[in-house]
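Reader: I would like to see how the labels given to a structure follow from its numbers. Could we go through them one at a time?

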Amino acid sequence: MADAITTLNQANFAEQIATADKPVVVDFWAEWCGPCKQLAPILDEVASENADKITVAKVNIDENPDLARQFDIMSIPTLIVFDRGEPALRFQGASGKAGLLDRLDSFL
């Protein structure tokens, strides 16, 4: 995982989201998920290239099942953008970098 990506868990999630000074893109993923593995290097690039505009974070749903339930994660990868502490955008599935940037355009 790139240095530009934050790892969130049950203990730090609420505080990190509430105190963020820019939108936070949270990737709900699991180690066994093929599409999640495909998305990981793309998220690394997006996080590094846009660190001044967004924060990219990951939540492992196997290690944090309560967070997965809280946000009704039914399939992965699911990405939720939190803006000012509130969910502002949600989408599922892996996409290429251009597709991801297109979905995140209003936050960049």
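What follows is a conversation about labels and the values behind them.

Reader: What kind of model is this, and how are its residues numbered?

Author: This is a predicted model with residues numbered from 1 along each chain as its sequence is written, and its side-chain values use heavy atoms, with hydrogens and water left out. Local features need pLDDT of at least 70 and side-chain atom pairs count only at pLDDT 80 or more, while totals for chains, interfaces and linings use all residues.

Reader: How do you know that Cys 33 and Cys 36 form a disulfide?

Author: A disulfide is a pair of cysteine sulfur atoms within 2.5 Å. The sulfur atoms of Cys 33 and Cys 36 are 2.4 Å apart, and they form a disulfide. The structure holds one disulfide.

Reader: Why is this disulfide called right-handed?

Author: The torsion about the S-S bond of Cys 33 and Cys 36 is about 80°, so the disulfide is right-handed.

Reader: Are these cysteines buried or exposed, and what makes them so?

Author: Buried means under 20% relative accessible area, exposed means over 50%, and partly exposed is in between, with a 1.4 Å probe and protein chains only. Cys 33 has a relative accessible area of 3%, so Cys 33 is buried. Cys 36 has 2% relative accessibility, so Cys 36 counts as buried as well.

Reader: Why is Thr 7 called partly exposed?

Author: Thr 7 has a relative accessibility of 47%, so it counts as partly exposed. Thr 7 lies in strand E1, residues 5-7. Helices (H or I, at least four residues) and strands (E, at least two) are DSSP runs, numbered from the N terminus. The C-alpha atoms of Thr 7 and Ala 57 are separated by 5.6 Å, though these residues are 50 apart along the chain.

Reader: Where is the kink in H2?

Author: The kink, of about 30°, lies at Ala 40, shortly before the proline Pro 41. The bend at a residue is the angle between axes fitted to the seven residues ending there and the seven starting there.

Reader: Which residues of H2 are buried, and what covers them?

Author: The buried residues are Cys 36, Leu 39, Ile 42, Leu 43, Val 46 and Ala 47. What covers them includes E1, strand E2 (24-29), strand E3 (55-60), strand E4 (78-83) and helix H4 (97-104). Leu 43, for one, has a relative accessible area of 1%, so it is buried. Leaving aside neighbours within four places in sequence, Leu 43 is in contact (heavy atoms within 4.5 Å) with Ile 5, Asp 27, Val 56, Lys 58, Leu 79 and Leu 100.

Reader: What makes Asp 27 buried, and what does its side chain join?

Author: Asp 27 is in strand E2. Its relative accessible area is 1%, so it is buried. A polar contact of 2.7 Å joins the side chains of Asp 27 and Lys 58. A polar contact is a pair of N or O atoms within 3.5 Å; within protein, one must be able to donate a hydrogen and the other to accept it, and residues adjacent in sequence count only if both atoms are side-chain atoms.

Reader: Why is the pair of Phe 13 and Phe 82 called edge-to-face?

Author: Rings of Phe, Tyr and Trp (its six-membered ring) pair if their centres lie within 6.5 Å; planes under 30 degrees apart count as stacked, over 60 as edge-to-face and the rest as tilted. The structure holds four aromatic pairs. The rings of Phe 13 and Phe 82 have centres 5.6 Å apart and planes at 80°, so this pair is edge-to-face. Phe 13 lies in helix H1 (residues 13-18) and Phe 82 in strand E4, so the pair ties together parts that are 69 residues apart in sequence. The rings of Phe 71 and Phe 82 have centres 5.4 Å apart and planes at 85°, so that pair is edge-to-face.

Reader: Which residues do ring pairs link into a cluster?

Author: Ring pairs link Phe 13, Phe 28, Phe 71 and Phe 82 into a cluster.
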